[in-house]
Amino acid sequence: MEPKTTSALLYLDAITVSFDGFKALNELSFVIEPREMRAIIGPNGAGKTTMMDVITGKTRPDSGDVFFEQGSYDLSKLDETEIAELGIGRKFQKPTVFDMHSVEDNLLLALKNDRSVRATLIWENTSSQQNRIHEILDTIRLKNMRSRVAGSLSHGQKQWLEIGMLLAQGPKLLLVDEPVAGMTDAETLQTAELLKDINRDRTVIVVEHDMAFVRELGVKVTCLHEGSVLAEGTIDQVSTNDRVVEVYLGR
Amino acid sequence: MSAFPLTRLLDNASTIFLALLAAFAIAIPVLNLLVPAGSGLHVSTYLVALFGKYICYAMLALSIDLIWGYAGILSLGHGAFFALGGYAMGMYLMRQIGARGVYANPILPDFMVFLNWQELPLYWYGFNHFAYAALMIVLVPGLVAFVFGWFAFRSRVTGVYLSIITQAMTYALMLGFFRNNFGFGGNNGLTDFKDILGFNVQAEGTRNALLVVSCLALALSFLICRTIVTSKFGKVLVAIRDAEARTRFLGYRVEAYKLFVFTLSACMAGVAGALYVPQVGIINPGEFAPANSIEAVIWVAVGGRGTLTGAVLGAFVVNYAKTFFTSGWLAPYWLFVLGGLFVAVTLLLPRGIVGTFEWWHERRAEKKITALPASAPHAAE
Amino acid sequence: MLEVNGIDLHYGAAQALRDISLKAEPGKVTCVLGRNGVGKTSLLRAIVGQHPVSKGSILLGGTEITSLPTVSRARSGIAFVPQGREIFPLLTVEENLETGFAPLPRDERSVPDDVFSLFPVLSSMLKRRGGDLSGGQQQQLAIGRALVMRPKLLLLDEPTEGIQPSIIKDIGRAISYLCGLGEMAIVLVEQYLDFASELGDHFAVMERGSIVYGCDKSTMDEGALKRALAI
Amino acid sequence: MVSTINGDANVPFYKELGNQGLKATDIPVVAFSVGEEELAGLDTKPLLGHLAAWNYFESIKSPGNAEFIKKWQAFTKNPKRVTNDPMEAHVIGFNMWVKAVEKVKSTDPDKVIDALPGIEAANLTGGTSKMLPNHHLTKPVFIGEIRGDGQFDVVWKTKGLVPGDAWSDFLPGSKDLEADWVTLKCGNYNKVTKKCGGHAS
Amino acid sequence: MRSFYDRIVALVLVAGILFGGATVARAGAYEDALAGFTTDSFGDTADAIDSLAASGDPRTGLLLEALKDQRLLYSVEAKKVFIKDQSDKLTDAATGEAVATPPSDIENVRLNNRVRGMIDAALGSLTLMAKEPGRRLDAAQAVFKSRDSSALHNVDKAREKETDPRVKKALTEARAAIILYSGDSSSPEDKIAAIAVIRDRGDQDALGLVDGLPSDLPPAVRQAAASASAKIQGNLALWSAIQNAWYGLSLGSVLLLAAIGLAITFGVMGIINMAHGEMVMLGAYTTFVVQEFIRARNPTLFDYSLVIAVPLAFVVSGAVGIAIERSIIRFLYGRPLETLLATWGLSLILQQAIRTIFGPTNKEVGNPSWMSGAFDLGGITITYNRLWIICFTLAVFVALLGMLRFTRLGLEMRAVTQNRSMAAAMGIRTARIDALTFGLGSGIAGIAGVALSQIDNVSPNLGQGYIIDSFMVVVFGGVGNLWGTLVGAFTLGIANKFLEPYAGAVLGKIAILVLIILFIQKRPRGMFALKGRAVEA
């Protein structure tokens with residue numbers, strides 16, 4: 001892989017993805033600096049989810065570059081596992097947890113650890129692992145649910161559990177897809193706080209529709225439209241951008 | 001937390017199962033060898049061989065349960081690994097015949113003499129040594145599974161597609177082993193065995209010893225499976241079964257996990273096949289028939305997939321039923337029964353016998369808890 | 001047109017609806033409001049027949065439909081625009097619309113002109129596959145598809161969710177047009193008050209599976225409504 | 001054309017043969033393993049005159065055969081059910097086994113095997129077959145032509161019973177070999193090297 | 001053996017021409033010859049045919065036709081021979097009088113290949129100048145095979161009068177064959193000209209003729225023969241490739257036929273129906289029952305048996321399919337692996353049921369006359385049954401495609417398979433559509449069974465032989481795509497037939513299986529997988 005000289009943690013350049021002639025991403029380019037938090041907004045079908053798929057290796061771009069960690073890794077040549085091991089974690093739009101496992105085991109599986117077959121075979125539970133799981137259970141408020149099977153949690157609880165799994169994974173870059181869907185206002189605020197907290201030592205990309213939540217985060221906003229960047233800036237700059245108003249907010 | 005090995009390995013059901021197996025392994029030889037033939041308690045040598053066969057089937061069921069019940073890989077070609085192990089054992093037994101064959105050739109098995117072969121093919125070398133054969137019993141199925149799995153899992157062939165190509169695999173092997181020029185006895189397979197490790201395979205003592213060895217192998221396989229499913233590895237397997245993509249995004253190399261467990265399961269099936277062959281006295285390409293593999297899957301389904309004891313129980317129940325039906329005037333109806341079993345279990349008893357029992361047990365326990373007033377209602381949407 | 005009388009609904013042991021009663025009249029929009037997870041979708045599923053109720057009754061035009069299966073309810077005049085649109089992805093837009101012919105007698109099988117005048121974008125995409133449409137276009141198609149059935153009762157589950165504001169306006173216009181025709185009763189399930197309050201004639205706010213506040217447009221007290229929604 | 005096809009695969013083969021218009025008068029097919037049972041699934045009119053070599057045909061007239069056919073059809077409750085050579089072979093084989101068991105008064109396989117050579121049993125074509133020291137039988141050989149009704153017409157037969165030979169007297173690899181389980185106790189005795197065990201040893 | 005037959009044929013032919021043409025028929029020769037048929041000896045029968053052919057009696061043709069069709073009977077006691085006509089009436093062969101009460105020991109005159117060959121030859125010789133061109137053609141071909149020089153004169157005479165181009169060509173070739181092998185009576189130029197004629201014929205027989213020439217011929221002739229041989233071989237190689245392609249198409253159509261129903265149940269509905277093969281089997285048994293019924297009641301309808309069987313098989317298999325869907329599969333939607341097991345169980349039950357009812361043996365299913373036989377197309381022989389099966393398969397495919405695309409039922413089927421609960425909410429009777437879709441797939445499998453009964457053995461195991469192949473075709477072609485199934489079936493069929501000459505049938509099959517397994521690794525969704533957002537939405 002060719003090293004790329006960039007200071008960016010994540011560097012996307014002219015990414016194009018098409019399905020049967022339909023361009024989901026069209027020459028999409030943007031960069032995320034280390035320790036940055038970025039909110040991505042845009043109407044449905046703007047390519048937000050496809051963009052996440054490209055970064056996490058689920059979809060290979062037809063053309064364009066995706067580099068991670070100051071250009072040292074070409075993500076378009078790696079698969080999901082390798083990318084996850086590099087330190088990119090993802091929360092899905094629809095919460096996906098392991099339904100048959102307990103809440104605790106879900107976190108245990110996510111916990112940063114050796115992921116090799118050998119390691120999991122000879123694995124033993126340690127108190128430091130237990131402590132970390134306890135901490136996370138506290139943070140995501142599922143402490144008294146720890147031995148329940150995840151399948152029996154409510155929608156909101158699953159959202160939190162998935163965020164908890166992201167925390168346990170301890171990635172450098174978090175991709176968070178619609179984290180507050182189905183949450184109360186208070187929960188939404190707490191989630192914003194939590195993400196800000198995480199952002200202290202990690203880089204975060206949040207995709208969200210909820211403008212109040214985006215405003216609450218108070219970070220740089222990228223608006224996507226038809227697979228490319230339409231506008232970038234603060235929430236105020238973006239929401240007053242003429243083209244954004246035209247296509248996104250309506251006349 | 002560090003009281004890991006035994007308590008984690010042996011829950012109640014496992015302990016009961018191992019105790020029963022041990023009792024079985026002791027009781028049958030005693031009742032066969034020490035109780036006189038006239039006594040009502042006497043177990044005939046025919047039954048000893050029959051039970052030995054069941055134990056081998058149970059091991060095959062266990063190996064299928066490990067990948068299907070826990071990792072969600074439904075192999076419709078596991079009989080192939082069973083047969084490969086069987087052939088490896090058969091080759092050893094053939095070489096043990098030596099000059100006692102019909103054509104009295106000390107090197108070449110009868111069928112090769114018959115086909116006018118001049119010398120032993122290279123791949124038959126070494127099978128006169130038991131240790132080598134034992135190695136091959138594990139290695140050959142393992143290697144085939146590894147190569148097959150490496151291709152299949154790497155390209156993420158899953159679900160029914162995987163099932164269909166495993167079926168194609170065993171079918172292709174069957175066609176191959178039917179050919180005389182493959183050097184495995186063609187249509188007739190390998191048979192006419194005389195000795196195993198110097199003991200006459202027909203002798204009562206040997207038969208009992210084989211039964212005990214089979215029980216030991218089953219117990220060992222059971223413990224290996226328990227170790228795996230109770231480890232973190234086992235949790236990862238279940239995670240893969242329920243949400244493969246998610247597991248991958250967590251950074252687990254899903255194909256490596258599947259490959260490991262698939263290969264291990266194939267080795268286990270191979271050992272089962274190897275123990276099966278001296279007890280039934282023949283191995284032929286019919287063992288590769290896709291129908292055999294599918295039948296083995298139903299044992300697991302009947303017993304309860306995802307429960308190791310269920311797999312063993314299923315193998316016993318279905319095969320006992322088969323013996324019962326096919327050895328009398330009911331014989332024409334056996335296929336109706338077997339077919340009905342497939343339909344009934346999937347429709348009415350999807351968790352299988354043990355699974356249903358466990359579920360019912362848990363439900364009762366749960367009810368006791370929910371009977372307490374505390375629990376607040378939560379809307380599920 | 002629609003009368004829901006004291007229904008309960010359970011998912012296994014969990015109770016999702018408690019003694020819900022609701023009415024919808026032709027030419028009127030009944031809005032069901034509430035945050036996510038309070039049981040709004042469960043209520044619609046009960047009306048459509050996708051999940052059985054454990055108590056109470058549901059009447060359509062005076063006829064009891066409580067125990068009818070989904071298909072029969074659709075055939076007796078209930079059209080449903082579900083959350084997440086649920087367009088048939090591999091059918092073309094035209095074929096998606098034509099699925100709505102099922103309850104109609106053979107000679108009435110045509111797409112009403114209204115559908116194309118309300119959502120002109122559909123007429124230019126008739127041969128495209130439904131799955132290839134954008135979310136907003138799919139939402140319009142889902143509503144159009146429901147209108148093909150000539151329903152007596154139209155159920156809309158969060159039609160604005162994840163949709164760009166310009167299309168939300170189009171959808172709002174469509175709902176008030178349909179309401180103005182005075183032929184069908186409309187039940188609109190919404191999370192956002194702004195959209196609902198513009199269109200609604202009756203309002204019901206749900207919380208934990210029950211209706212905690214109800215009012216008409218005329219008697220509406222916005223403060224009370226907001227309070228009921230906020231908790 | 002010599003066909004060594006075995007079993008059900010004969011059916012598609014003969015169907016194709018009939019349709020390709022290869023008449024027996026042009027290229028007769030001689031099969032070693034097609035019998036009445038296989039032909040029962042075929043319209044044999046296009047196959048008139050193709051040949052099969054067997055030790056028995058259902059159409060052979062003998063009291064024993066007539067009785068066997070009657071019993072077999074009664075047993076299968078199917079008046080159209082046909083008989084064939086392998087069935088006859090089993091009849092002879094079973095009767096011989098019974099005689100051998102009566103002779104040694106034991107069902108121990110080894111003893112029965114030793115008693116078998118020399119045992120005689122009636123075959124269904126009117127003769128008496130005998131077990132030879134090489135464990136093969138004496139049997140008549142017939143060549144039959146396929147008839148329109150799925151049966152065979154015997155067009156050639158040996159004068160008497162033919163003793164079965166374990167090894168071909170003509171093939172280079174086996175012409176020196178001989179099987180004799182009575183005096184030599186050997187399945188592949190080499191008459192040239194005077195050794196048991198065959199050419200490979 | 002071969003040349004022996006040929007000589008006899010030629011002899012009889014010549015005799016026939018010589019004496020048949022003559023007007024003086026020896027009185028009583030015909031009646032004398034009849035005695036030869038009453039001894040139940042092939043030798044006597046052969047002699048009798050010889051004498052009959054020589055007798056020149058006009059009744060000979062009728063008698064030989066009867067003999068050929070096994071309508072000639074004899075009585076040892078009465079020393080008489082009888083001809084049975086089409087309506088089973090007996091006439092005395094000698095007197096031509098009708099016989100009301102035949103003797104009790106009446107038996108068929110038996111035939112063997114030698115006798116049959118003689119009949120053909122004798123009939124042929126009688127008909128070299130016959131009215132029907134087909135019979136003249138047979139006669140000319142008999143001469144070509146015998147290449148007996150004494151027939152040359154008659155062939156020449158016949159050739160002059162001949163107007164039918166095909167017969168004329170056959171006579172020209174027969175003449176060339178005679179000249180080529182006529183010792184030294186013809187000049188090298190004649191022989192070279194003859195070689196040219198044979199070369200243009202270009203088939204295996206021609207190759208045999210030019211390659212089998214004696215080595216003592218003049219160099220110019222030998223050279224011409226060598227170059228003709230090379231040309232014919234080149235020609236044959238080309239035709240053998242075409243032949244392989246044809247076999248491939250034929251196998252492909254069988255695969256497609258077996259898989260097309262599965263493309264509906266598995267490809268469209270996602271149901272793993274392991275009893276699919278048994279639906280095919282039911283169709284084949286329906287054909288058998290229809291034919292049995294026709295044979296018993298009205299044999300003249302036999303040619304229509306398949307036309308009757310096709311809709312019946314569709315109904316039978318379709319009805320069984322609907323019953324299976326309603327009673328089992330509908331409880332298992334969304335659980336493909338369980339469906340697989342349950343339908344496997346069903347396949348065992350269906351097989352055993354058929355075995356119980358019809359017995360384990362093969363059942364005879366005949367080819368109607370329009371599906372029997374073959375015709376030559378250039379250097380290959382095309383059998384009617386294979387040709388019809390290809391046409392039939394394509395017709396079924398097109399009908400199915402049209403049905404799914406243009407009918408209301410087709411639209412509802414597609415809607416239900418894509419989103420069952422939404423379809424229900426649209427008022428589509430999903431349960432009915434599920435059952436009908438499954439019934440359609442099963443019914444098509446039944447139709448396939450009708451066609452397959454024409455080439456395969458009809459036994460309870462019939463379906464088992466197709467199930468793995470069918471799944472391979474559907475998976476290889478791409479699930480959910482009928483066109484993929486079409487291309488997949490023909491690709492596999494042709495690949496199989498081109499591998500066979502190198503690898504043999506079994507190894508070829510193994511190779512195909514391994515190749516498919518490897519292919520699925522590369523493209524897990526098959527050749528024509530549906531792509532795009534539409535699939536994932």
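**Figure 1. The hairpin of S6(E) and S7(E) in the predicted model.** Two strands are taken to pair if DSSP finds at least two bridges between them. In chain E, strand S6 (residues 374–377) and strand S7 (residues 380–383) are paired in the antiparallel sense, with four bridges. E:Phe375 has E:Ile382, in S7(E), as its bridge partner. Two residues lie between the strands of this hairpin, and E:Gly378 adopts a positive phi near 60°.

**Figure 2. The contact surface between chain B and chain E.** The contact involves 41 residues of chain B and 38 residues of chain E. About 3,500 Å² is buried between chain B and chain E, and carbon and sulfur atoms contribute 81% of this area. On the side of chain B, the residues that lose the most area to chain E are B:Tyr161, B:Ile164 and B:Phe336, which together account for 17% of what that side buries.

Figure 3. A salt bridge joins B:Arg305 to E:Glu338, with 3.9 Å between the closest N and O atoms. Two residue pairs are in polar contact between chain B and chain E, counted with both residues at pLDDT 80 or more. The side of chain B that touches chain E comprises 31 nonpolar, eight polar and two charged residues.

**Figure 4. The boundary between domain 1 and domain 2 of chain D.** The domain assignment divides chain D into domain 1 (2–164) and domain 2 (167–201). A distance of 28 Å separates the C-alpha centres of domain 1 and domain 2 of chain D. Five residues of domain 1 and five residues of domain 2 take part in the contact. The area buried between these two domains of chain D is about 350 Å², with 64% from carbon and sulfur atoms. Three residues, D:Pro133, D:Asn134 and D:His135, supply 78% of the area that domain 1 buries against domain 2, more than any other three residues. Zero salt bridges are counted between domain 1 and domain 2 of chain D. One residue pair is in polar contact across this interface, with both residues at pLDDT 80 or more. On the side of domain 1 that touches domain 2, two residues are nonpolar, two are polar and one is charged.

**Figure 5. The open sheet S10-S11-S12 of chain D.** The sheet consists of three strands in the order S10-S11-S12, with antiparallel pairing. Strand S10 (177–180) and strand S12 (195–196) of chain D are the edge strands, each pairing on one side only. S10(D) is joined by three bridges to strand S11 (residues 186–190) of chain D, and the two run antiparallel. Opposite D:Glu178 stands D:Tyr189, which belongs to S11(D).

Key
Residues are numbered from 1 along each chain as its sequence is written. Chains are lettered from A and ligands numbered from 1 in the order in which they are written. This is a predicted model: local features need pLDDT of at least 70, side-chain atom pairs count only at pLDDT 80 or more; totals for chains, interfaces and linings use all residues. Side-chain values use heavy atoms; hydrogens and water are left out. Contact means heavy atoms within 4.5 Å. Buried area is the accessible area (1.4 Å probe) that two parts lose on being put together, summed over both. A salt bridge is a side-chain nitrogen of Lys or Arg within 4 Å of a carboxyl oxygen of Asp or Glu. A polar contact is a pair of N or O atoms within 3.5 Å; within protein, one must be able to donate a hydrogen and the other to accept it, and residues adjacent in sequence count only if both atoms are side-chain atoms. Ala, Val, Leu, Ile, Met, Phe, Trp, Tyr, Cys and Pro count as nonpolar, Asp, Glu, Lys and Arg as charged, and the others, Gly among them, as polar. Domain bounds come from an automatic or database domain assignment.
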